[in-house]
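Here are a few exercises to work through with the model open in your viewer. Try each task before you read the solution below it.

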Amino acid sequence: MAATALLDIQGLDTWFFTRAGIVKAVNDVSFSIGPGEVLGLVGESGSGKSMTGYSIMGLVDPPGRIVGGKIIFKGRDLVGMSAEEMRQLRGNRIAMVFQDPMMTLNPVLRIDVQMIEAILAHERVSRAAALDRSREALTKVGIPSPESRLRAYPHQFSGGMRQRVAIAIALLNRPDLVIADEPTTALDVTIQGQILFEMQTLTRETGAALIWITHDLSVIAGLADRVCVMYAGRIVEQGTTVDVLAAPRHPYTRGLLDSVPGNSAARQRLRQIPGMTPSLLELPPGCAFRTRCPRAAAKCEQDPEMRQLGSGDQSVRCFYPLEAQ
Amino acid sequence: MTAQAEADVAAVKPPLLELRSVSKRFVRSLDVVSRMANLLGSHVREEVIHAVDRVNMTVRDREVVGLVGESGCGKSTLGRLAIGLLAPSEGERYWRGASLAGLAPATARKQQLKMQMIFQDPYASLNPRMRVIDIVGEGPVVHGLIGPTQQTEYVALQLNRVGLDPTLMRRFPHQFSGGQRARIGIARALAVKPEFMVCDESVAALDVSIQAQVLNLFMDLQAALGLTYLFISHDLRVVRHISDRLVIMYLGREVESGPTAEVFATPNHPYTQALLAEVGKLEPKKRSFVPVKGEIPSPLSPPSGCHFHPRCPYAMVKCRQTAPPLVKIGPGRWSACYLNDVAFG
């Protein structure tokens with residue numbers, strides 16, 4: 001896998017040095033993704049899934065800092081790369097789609113201005129050629145009458161349309177890797193289906209790899225090839241979507257799956273995970289999940305390492321993993 | 001439930017809450033400039049939004065009714081109409097068969113206690129300057145359910161019931177997590193001993209594992225206290241899990257209603273079918289997402305006839321002209337679609 005990997009993250013640590021103490025938002029995260037692969041990064045709020053995405057993009061703001069690890073993208077380490085080199089990559093080879101499209105779009109500029117700018121920042125082409133490409137990109141993401149919509153401002157679009165524009169901009173330069181940070185969470189169900197459809201066809205067409213960050217396991221289920229489950233800054237389980245969702249081995253993954261309503265019989269109590277997500281400032285020593293874990297024992301006060309299970313691709317950070325079913 | 005049994009229920013015991021053909025219009029009145037322009041002969045019209053358009057709804061005792069729809073469909077407005085936070089532009093509300101219009105102020109206040117609401121945002125719906133003991137305990141004291149001296153004891157009881165540690169009652173809302181705040185909101189609503197609760201997206205802002213805890217709490221409380229819920233949500237999985245009956249709205253109108261299991265098994269209205277197709281499944285199977293075409297139209301200028309026709313794969317000429325009436329398509333099941341005329345007519 002590592003030989004062909006497009007992106008290979010090894011032991012990434014992104015810490016925030018706050019007045020209250022050090023917050024290890026991303027703690028020893030390792031994964032890799034091949035060309036054209038779809039990786040789901042799942043976790044609840046505060047699990048560090050978004051911060052992992054920001055770390056790859058080089059968008060970690062102080063007091064946060066990448067303090068360790070490597071992010072190897074096409075053979076080059078992004079950690080410690082100069083701001084100028086990073087700028088060349090960002091929006092060009094690696095693009096990000098955010099949860100709130102208004103974060104991507106400038107409210108006082110017309111769509112065409114923003115799209116042309118994104119192309120000209122990375123390529124020497126004529127404005128007319130850039131405009132043509134922008135129009136084409138809008139058509140591809142399913143925006144009706146792109147010619148007139150190019151001359152509109154972001155506020156003249158609905159939420160779903162804005163997200164389409166953001167996706168169109170992200171895909172303008174045919175990136176090798178797209179990081180999507182909950183792009184459908186703020187949208188209505190029918191619109192969410194449309195966006196998922198667009199993203200799926202577009203990445204298939206262009207062969208771009210996709211990291212899909214979400215808290216919604218059901219989105220991952222239909223979309224991703226592989227899944228990483230994060231809890232309190234760490235990856236606790238990793239494997240193919242089929243393995244992880246059908247036979248989760250980490251108690252947290254199991255709990256998360258059981259918590260989703262609609263799988264169990266209606267009106268039955270859901271099997272819930274007791275307690276709540278711990279504050280990253282007051283993490284218990286050892287396994288962060290052990291205070292909520294039904295299988296926790298004395299050994300869990302030590303740090304579990306990520307270890308492979310069996311011969312497969314599934315690995316888990318747990319001393320007492322669940323049996324395969 | 002058979003038609004006969006249904007009729008029996010209706011004859012013997014009036015529903016807990018009944019809304020008869022309620023509508024709510026929001027009007028944005030003209031500003032000075034537009035009024036001046038009108039004086040000078042132009043025709044600037046007021047903007048009118050039909051948030052809720054002639055909706056009938058019955059909620060029976062101890063029933064959980066799920067109200068589903070996308071943003072702008074009027075589900076929150078209908079929830080607020082149901083408990084009286086908003087006054088309907090037209091239509092009437094009945095509580096156990098008695099009209100709620102024109103009650104004397106004292107009676108109305110007492111009546112209002114029986115209906116409580118749990119809001120969506122666990123951050124915005126709690127006063128940041130009040131301690132939990134006051135947030136939960138103020139209502140019962142003001143309404144004379146308990147004396148001021150009993151407040152501590154009473155609040156402790158309420159907090160225990162929703163699974164919060166009573167020793168935390170002197171804290172402020174910002175000292176709690178999202179899930180705990182949701183529980184405070186529930187404790188506050190329960191403190192005045194309501195019979196009917198409207199839960200407006202009450203679990204939408206919570207993480208999955210916390211959402212499961214709060215849903216369990218809702219179900220436990222219903223069993224323990226015999227509560228009736230109107231559960232408003234855009235999340236079909238949540239609604240499917242918790243509700244007995246389902247009402248689906250689209251742009252201010254009810255398009256389908258029926259027992260939850262039946263609606264999920266055989267959705268009738270094309271919009272319901274589209275919605276249910278988008279319900280996320282946890283089967284780890286690569287699927288091609290097939291979208292419903294088109295956007296949700298603006299409630300300011302809804303399409304003519306059936307509001308769903310521009311997005312509907314089966315739209316006929318008739319659908320563009322007149323809105324289909326809500327017709328009975330089975331025991332306890334209603335749907336507003338002309339396709340049923342073809343099928344049943």
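**Exercise 1. Work out how far apart the centres of domain 1 and domain 2 of chain A are, and what the contact between the two domains is made of.**

Solution. Keep in mind that this is a predicted model.

- Step 1: chain A splits into domain 1, covering 7-93 + 176-316, and domain 2, covering 106-172.
- Step 2: take the centres over C-alpha atoms, and you get 30 Å between domain 1 and domain 2 of chain A.
- Step 3: go through the contacts, and 13 residues of domain 1 of chain A meet 13 residues of domain 2 of chain A.
- Step 4: ask who supplies the domain 1 side; the largest share, 7 residues, belongs to α8(A).
- Step 5: sort that domain 1 side by class, which gives 8 nonpolar, 4 polar and 1 charged residues.

**Exercise 2. Is strand β8 of chain A enclosed or open, and which strands pair with β8(A)?**

Solution. Start with burial, then look at the neighbours.

- Step 1: a residue is buried here if 20 or more other C-beta atoms lie within 10 Å of its own. In β8(A), residues 209-214, that applies to 6 of the 6 residues, so the strand is largely enclosed by the rest of the structure.
- Step 2: check the two faces separately. A:A209, A:I211 and A:I213 are buried on one side, and A:L210, A:W212 and A:T214 are buried on the other.
- Step 3: find the pairing partners. β3(A), residues 38-42, runs parallel to β8(A) with 5 bridges, and β7(A), residues 177-181, also pairs with β8(A) in the parallel sense over 5 bridges.
- Step 4: zoom in on A:W212. Its bridge partner is A:G40, and A:A180 stands opposite A:W212 too.
- Step 5: β7(A), helix α8(A) (residues 189-206) and β8(A) form a right-handed β-α-β unit.

**Exercise 3. Is A:R249 buried or exposed, and which residues does A:R249 touch?**

Solution. Locate the residue before counting anything.

- Step 1: A:R249 sits in the loop that links α10 (241-246) and α11 (251-259) of chain A.
- Step 2: A:R249 has 23 C-beta neighbours inside 10 Å, so this residue is buried.
- Step 3: leave out residues up to four places away in sequence, and the contacts of A:R249 are A:E237, A:L309, A:Q314, A:V316, A:P321, A:L322 and A:A324.
- Step 4: compare sequence with space. A:R249 and A:E323 are 74 residues apart in sequence, but 6.6 Å apart from C-alpha to C-alpha.

**Exercise 4. In what order do the 4 strands of the open sheet in chain B lie, and which helix packs on the sheet?**

- Step 1: the order is β2-β1-β4-β5 (chain B), with antiparallel pairing.
- Step 2: the edges are β2(B) (47-59) and β5(B) (98-99), each pairing on one side only.
- Step 3: β1(B), residues 17-28, and β2(B) share 9 bridges in the antiparallel sense; in one of them, B:R25 has B:H50 as its partner.
- Step 4: helix α3(B), residues 75-83, packs on the sheet and touches β1(B) and β2(B), its direction making about 120 degrees with that of β1(B).

**Exercise 5. Describe the side of chain B that touches chain A.**

Solution. Count, then assign.

- Step 1: 40 residues of chain B contact 40 residues of chain A.
- Step 2: α8(B) gives the most to the chain B side, with 9 residues.
- Step 3: by class, the chain B side has 17 nonpolar, 12 polar and 11 charged residues.

Key. Residues are numbered from 1 along each chain as its sequence is written. Chains are lettered from A and ligands numbered from 1 in the order in which they are written. This is a predicted model: local features need pLDDT of at least 70, side-chain atom pairs count only at pLDDT 80 or more; totals for chains, interfaces and linings use all residues. A residue is buried if 20 or more other C-beta atoms lie within 10 Å of its own, exposed if 12 or fewer, and partly exposed in between; C-beta atoms are placed from the backbone. Helices (H or I, at least four residues) and strands (E, at least two) are DSSP runs, numbered from the N terminus. Two strands pair if DSSP finds at least two bridges between them. A crossover is right-handed if, with the strands pointing away from the viewer, the path from the first strand over the helix to the second runs clockwise. Domain bounds come from an automatic or database domain assignment. Two residues are in contact if their C-beta atoms, placed from the backbone, lie within 7 Å. Ala, Val, Leu, Ile, Met, Phe, Trp, Tyr, Cys and Pro count as nonpolar, Asp, Glu, Lys and Arg as charged, and the others, Gly among them, as polar. Axes are lines fitted to C-alpha atoms, for helices over the stretch in contact, and angles run from 0 to 180 degrees between N-to-C directions.
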